[in-house]
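Visitor: I have a model open and would like to know what stands behind its labels. Could you walk me through them?

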Amino acid sequence: MERYWHTRCLKCSCCQAQLGEIGTTCYSKGGMILCRNDYIRLFGHSGACSACGQSIPASEMVMRAQGNVYHLKCFTCATCRNRLVPGDRFHYVNGTIFCEHDRPGGALLSSHLGPLQSNTLLPDQKVC
């Protein structure tokens, strides 16, 4: 960020952990200073969308599945390409997202297994 900090003043914008100690890694994105854990929590390992690979701005809402982060517009069913929204049920199979209707092998699952095989989609904001 091209600025100078007192050791005691350099803190993570999310968890307030002091980052001024020697050997402590800190990250800067979207005007925030972040510890490694909060950077990964907010932006994934790369800070990029798992679907399109493009960077995700710090202020943008995202969708998450199995530790992967997605732009809202990129969180779509692999079969029908419909965008999934908060509250939609979906299936995450081998890194691929499917809507409730298009889940692979859906006809083979008995009805009592349906809820156990799905996730409920919740939005995550990149704001602490």
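Visitor: Which residue takes a positive phi in the hairpin of β5 and β6?

Guide: Asparagine 94 does, with a phi near 50°, in a hairpin that has two residues between the strands. A word on the basis: this is a predicted model, where local features need pLDDT of at least 70 and side-chain atom pairs count only at pLDDT 80 or more, while totals for chains, interfaces and linings use all residues. Residues are numbered from 1 along each chain as its sequence is written, and side-chain values use heavy atoms, leaving out hydrogens and water.

Visitor: What makes β5 and β6 a pair?

Guide: Strands (DSSP runs of E, at least two residues, numbered from the N terminus) pair if DSSP finds at least two bridges between them. Four bridges join β5 (residues 89–93) to β6 (residues 96–99), so the two antiparallel strands count as paired. Phenylalanine 90 stands opposite cysteine 99 in β6.

Visitor: Why is histidine 71 called buried?

Guide: Buried means under 20% relative accessible area, exposed over 50%, and partly exposed in between (1.4 Å probe, protein chains only). Histidine 71 has 6%, so it is buried. This residue is found in strand β4, where it is the bridge partner of valine 62.

Visitor: Which residues does histidine 71 contact beyond its neighbours within four places in sequence?

Guide: With contact meaning heavy atoms within 4.5 Å, they are Cys49, Cys52, Gln54, Ser55, Ile56 and Glu60.
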